[in-house]
Every structure is written in C-alpha cells, then in structure tokens.
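Student: I would like to go through this structure with you, one question at a time. Could we begin with how a contact is decided?

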Amino acid sequence: MSRTWAYLSNYLIYSSMAVYTLSFFAHAVETAWAVKIPNATTSKTLDYKRTEKVARIATAMMILGFLLLLAGVIARGVSAGRVPWGNMYEFSITGALAFSGTYLAALRKYDLRWLGLLVSIAVLLTLGTAVAVLYRPSAPLVPALKSTWLVIHVSAAIISGGVFLLANAIAAAYLYLDSMESKGERTAWAKRLPSLEYLDQLSYRLVAFVFPLWTFAVIAGAIWAESAWGRYWGWDPKETWAFITWVAYAAYLHARVTIGWRGRRAAWLCLFAGSTFLFNYVYVNVWGSGKHTYSGL
Amino acid sequence: MSQEVQLPELDSVGLLRYVWRQLTSMRTALILLMLLGIAAVPGSLVPQRTQNPMAVSASFKSSPELSRWMDRFSLFDVYGSPWFSAIYILLFVSLIGCVLPRTFEHFHAARALPPATPKNLHRMEFYSTWPAVGNELELARTWFKSQRFRVLEKDGSLSAEKGFARETGNLFFHLALILILLGISFSSLFGMRGEAILNVGERFVNTPTSYDSLAYGKLFKDGKLEKFIITVDKFDATYNVVTTAPEDYTLNVSLRTGDLTTVEKQVIKVNSPLAIGNTKIYLQANGYSPVVTVRDSKGNVALQGAVPFLPQDSNLRSIGAIKAPDADPQVGFVGSFVPTYQRSDGNGAISVFPQALDPRLLLSAWGGDLGLDSGVPQSIYRIDTSSMSQLGLKSLKPGEVFTYAGGSITFEGYVQWVNLQIVDDPGKNFALLGAIVAILGLLASLFTRRRRIWIRVGDVVEVAGLAKNAAPGLEQELAIFTTVLKGEK
C-alpha cells in the first residue's frame, strides 16, 4: 500500500519534471522570438501575438507542472502516513513546489511572466538534484520530528523560502538589467521586461510580505525546540543561520524604509540575505553538524 | 577664510552627547545589526563548547597552537564572547535610545489632531475637484467617522488622518525585542539546567550531587531545586527494520513529588517532556550499559554493575571504559559494545541494528595504575593506559567469562540508559510573550498605511491625499471616498 503510493509519487514527480521542461522551452522560445520585435516594425502585432501564444503555453505548462508536483508531494506524504518533510529529498521537492507556487501566485497580480524562464530552470535543477542525489525511500519520522510543530514550523519556513528566492530572482534581474542600462540601451529581448523601478519595488514588497512569516517560522522553531530539546534557542548551526537570515532581511527592510536605500544597493543586500537562506538549506543540511540533521544523507 | 571644517570644541558632556547621538542613529543601528549577523557566522563553522565539547577538545589535540589562538578570541564560545556580547549590547542600547524617544513622540502625536488642510490642495497626491452640491462636508464627516479617521474641521475643510497603528506596531515590535532579551537574561540569572545519565532501574533524587553536569544561574539558590525523585522503570525504543532509524522512544518512570510518599506513573517522550512545577524533564539520548562483574584472583568481587557506554553511530556501536580501582592490582577495560554483532573486514566488530538482537562486548584488559588518584579529572568513557600493561583481548557473549592473569570479568548482560535533561527556565514565558508581540507589531507596521485625506468645500469640492509611506492603496481609497461624496452607489 505505502509502496504503491511511493511509486506513484515518484512517477508524478518525473512527469512534473517533463512538464516543467516543456515550460522551460516555451519560455525560451518566447524570449527568443521577442528579439525580432524591434526590427519587425511593420509586423509588430503579429510578433506579439506569436510570443503571446507561446508564453501562454509556457504558463499553462508551469501550472500543470505545479499540479503534478503537488500531487507527487501529497502522494509522498500519504505513502509515509505523515507530512512529507522528513528528509532532504522531501524538503527539496516541497521547496520546489513552494517556489513555483509563489511564482504562479505572484503572476496573478504582477507582470512576472518573463521570470518563468528562470523559475522553470531553478525548479528543474532542484527536482533533478532531489531525484538524482537526495532520494531516500519513504519511511516514518524519527522521534524528534514527531510533533505538530513539524507542520507549522516547516511549512512556514518553506513558504518563506519560496518567496525569498523569488525576491532574490527579481533582485538579480534588477542588477542584470541595471548593468545593461548603465552601458546604454537594453538589448532587444530585455525591452519587454518591466522597468527597473517596478522590479525594485516588487522585490521589496515580496520581502516585506514574507518577513513576518519568516519571523514566525523562527519562533515556531524555537517553541518546538523547547519541547523537543529542552531549550528554545541553542545556537545550533541551523538556528544560527536562520537568525542570520532574519538579521539580514531586517537590515534590508530598515535600509529601505528608514534610510531610503533603493536600486542597486538594496538589490545587493536582498541577494545577500537570500543567499544566507540558501546557504542554510544547502550547507547546514548536508555538511553541517548540530541537531537539525534530518537530511537523511 | 580657511576652508577647513571647524569642529565645535567638545567638553565631556558634549562628547557624551555626540557619542550618544551617533550610537542611536539609524545608520549605526543598521551597521550593528549587520555586524551581529556576521559575528554569528563563526559560531556555526567552528565547534562550540556549549554544543560539541568533544570536537573542541579534538581541535586542541590536533592543532594546539592554532586552537589556543582561536580560544584567545573566544572562537569556541562565540555566543558568550565579549565581542559578541558587545555588539548586541550596543545594538540594544542603540535600539532603546532610538525607540524610547519615538514612543513618547508617538504617544503625543496619537492624541493630537491632524494638521490643518494645506492651502494648495492641488499640489497633493490624487487631487480631484468637481462642482459642489452642498452636502459633501456632511457626507465626508460621516464617512471619515465610519472609517475611524481622526478629523480636524476648520474653515469649511476637513483634514483626516489614519494609520497610527503603523508606528504603534513598529514601536511594539522593537520593545518586544527588548522583552525577549530581558527574558533570556532572566533565565540565565535565575534558571538551572542539568543532565543525568540513568540506567533503567536506577533512581534519581533531585539534588546537585545527583547530576552528571549542572549549571546554575548566578542568582539561582540551591534550595530552589524542585523536590522530586524519579525511578526509571522501563525504556522502549523501536526502530525501522529497513532504514534502522529510530521510530519511537518511550520512557516510563515512577515519580514522587511533594512529601515524596505518593508515587505516580509517568511517561516521557522526545516531544513531550515531564513538567514538575517550573522544572521540565526531557528525554535527550539513550544507549546501552553492559552489566559486568569483575573478580580478582581469589574470586572476590571488585566491581559489579552496569557501566554506561557512549553510542558512536546510528546502530549504537558504543564505546566505554570499565574501571575496577578496588582490584589489586588495579584493572581497567577499554571496551566496545555492539547490540547486533557482525564482523566486518577492516573495521572489526560492527553493529548492524540498534536493537540488542545479538549483543557482544569486546574488551581489552589493562593492569596497573588507573591514575584515578592523580587529581586530574578523567573521562568515565576512557582509560589512560600510559602506566598500564595489556593483559589480553576478548569478545564476550552474555554470560561468558573472560579470565586473564590476575582475575576475571563476566559479561552478565546489559541494560539501557537514558540521558535526562532537567531544566528550569523562568524567563522563557517573557521571551515567548515578546515573540508574539513582535510578530503582531511587525504585521501592524508592515501592513498598515499611514495617510491623510483632505476635503475642502467651497464653490467646488476639492479632494486630495497624502500617503506617508510607500504602501499602495490610497488611490483606490480616494476613489471610494469620491464615489461616496458624489452620492453614487
């Protein structure tokens, strides 16, 4: 029974990877076709229509991939009879799910379709690493993870991570386009991308939106640590880096709101803060010591 | 005139005031905040005494000179080091210096009325105007009231303001951080934290001497230790047969509290500690204690009992030391215990499952001086064999006897041990309260818009607004306001 679900989960995740790949190619084609626009002054409308159609396919594929991945994550949970957050493989597939979910949610409100190329490749790389390197058979949780706080703490952390990384991707795009503009004009394909001000605002808004959730994730972790390990804060490497991420984003918010940092400096600070999160996920889980050793590696 | 900048002469008060102003400036606070983040990094890369004392002593052994230098900079105690403390103390002083004046200011501002409507409304944001009908002021008054704006009415105009929760939330957030820090300091002054290893069947009386390690706060009084006695009745560990990972640990204890006469049965699990008053007892680790009897050449018992061994891997291969100082001559055994024995090429005996399915005790016997009287504290898991000679090696199944020159040792069997962590942390509720207030304050400060809306009615109606922070939404709000004023539904 549980083995059937585990296999089903694997198939769903492979399928989602295939669909994300299609989405990636569609996004790539969209970006490539957009290059033609400046020269084709007479058939401008035609070109937009073409890219528009491909772009819609790309987004549709992204949604389909998200749904397949969601089903895969749920099936993984069912196979183990618990939330699918017991080892690094499961953190990774859920993290990829959160990242592409955040993108799709933000896409409803903001002009973000251009970012789909980056999002689909990031999701593919994450899933690929998960399947190839991190895979572990579905198994019950170790005693320390058996707690309601697992659901609360980990879901808050994963969602925060998804949004932080999206903000990071936007800040990176900002820096890239900014350096392009400072050398002259944007190259053809980049012309359809939003203005620098828009990107600047958007990455700030994402961070401001999710910072309270990250704060909550850290606090929920502390409450859980108190009941599992007898202390709510012990400077365990994971805790330390969660704190560093918190401090870095707090500094980012202060720099923007109080001192009025904008643009390049703010984007670099945002990237730095996001990289502390990634470091925590990759380095501390895989090579780090301490009490958060649940990667199963 | 000289182009040099003339610095004002500073007397000592002036200097203090200058330092204070620098310290409480936003820029300094931000730098301190970043510094705090950076200062936290080395503690996650270098082993810390509080978390991994073994790795610290290993570092001292492998590179003593470097380790001594690192120790001089407190790199093995980063979070208690002078420089780390200096950063966060300065940060909090800066924070208090920043937040307290703002709190008073905000307190006054929150009770004051908004400033009068500016003369040139058309210079403000989202200005719109249309011919007046006459009832607009009345409508605006009602709408502002229903939206809970604070309103100043003057010369046919209304000046309305809303969104003080932004600054209130901001201040509460920062005050809550101070509360968290106070909670942590309170715990470190008045709290206690200790650990004790107990074999199944053993009894623990909560007095300082019962602990293997115990740390008090400076202001914790000995007599304040909670009165209780715990007996370890039973410990069950279940493991996954495929992955060998643990699935459940359950500890059954008998607890006596109060006058110590009535006995209650209690269960302690990893995520559910046992609470006795303000003291909590946590199940932290577990392992095996081989039960042995050591006899001398005449057959007299020199040592009998269960000796806790230290787990080395997830299958609980454990190492330890059995010391019989009462034997003549003294004997000691360097041992390793494997719960489920398998021979492996190269590694000798390994354990393939954490449960004791086929236990083995592998011993190396040493005779001579154990060095227990030298005054140098020794690890209970190790033997200093420098002034001893080896008497022999043997692998034992339960019930088997190893006879060496000068005596024998019998492997009677094994019991499990548990490591209990006993904690009294009186400040944690302040810290929790601080954390909750911090989140609520953060939400209020990030998602509240502070804004002003004005309306002036003469021959024409003039409406405009001002967003005092970058959050969007004023335009839509003014659109709604205008619709209300025009009587459109």
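Tutor: Two residues are in contact if their C-beta atoms, placed from the backbone, lie within 7 Å. Please keep in mind throughout that this is a predicted model.

Student: How many residues does the contact take from chain B and from chain A, and which class of residue has 23 members on the side of chain B that touches chain A?

Tutor: The contact takes 37 residues from chain A and 39 residues from chain B. The elements of chain B that give two or more residues to the side touching chain A include strand 8, strand 11 (279-296) and helix 9 (428-447). By class, that side of chain B has five charged and 11 polar residues, and the class with 23 is nonpolar.

Student: Over how many bridges do strand 7 and strand 8 of chain B pair, and which residue of strand 8 stands opposite Ile230(B)?

Tutor: Strand 7 (residues 228-239) and strand 8 (residues 246-257) of chain B pair in the antiparallel sense, and the number of bridges is 11. The residue in strand 8 of chain B that stands opposite Ile230(B) is Leu255(B).

Student: Turning to chain A, which helix gives the most to the side of domain 1 that touches domain 2?

Tutor: Chain A is divided into domain 1 (1-141) and domain 2 (143-297), and their centres, taken over C-alpha atoms, are separated by 20 Å. In the contact between them, 27 residues of domain 1 of chain A meet 26 residues of domain 2 of chain A. Helix 1 (2-34), helix 3 (88-109) and helix 4 (116-134) of chain A each give two or more residues to the domain 1 side. With 10 residues, the one that gives the most is helix 3 of chain A.

Student: What span does helix 10 of chain B reach from its first C-alpha to its last, and which residue with a positive phi follows this helix?

Tutor: Helix 10 of chain B (residues 474-485) has 12 residues, and the span expected at 1.5 Å a residue is 16 Å, to which its own span is close, at 16 Å. The residue that follows helix 10 of chain B, with a positive phi near 70°, is Gly487(B).

Definitions and conventions:
Residues are numbered from 1 along each chain as its sequence is written. Chains are lettered from A and ligands numbered from 1 in the order in which they are written. This is a predicted model: local features need pLDDT of at least 70, side-chain atom pairs count only at pLDDT 80 or more; totals for chains, interfaces and linings use all residues. Helices (H or I, at least four residues) and strands (E, at least two) are DSSP runs, numbered from the N terminus. The expected span of a helix is 1.5 Å times one less than its number of residues. Two strands pair if DSSP finds at least two bridges between them. Ala, Val, Leu, Ile, Met, Phe, Trp, Tyr, Cys and Pro count as nonpolar, Asp, Glu, Lys and Arg as charged, and the others, Gly among them, as polar. Domain bounds come from an automatic or database domain assignment.
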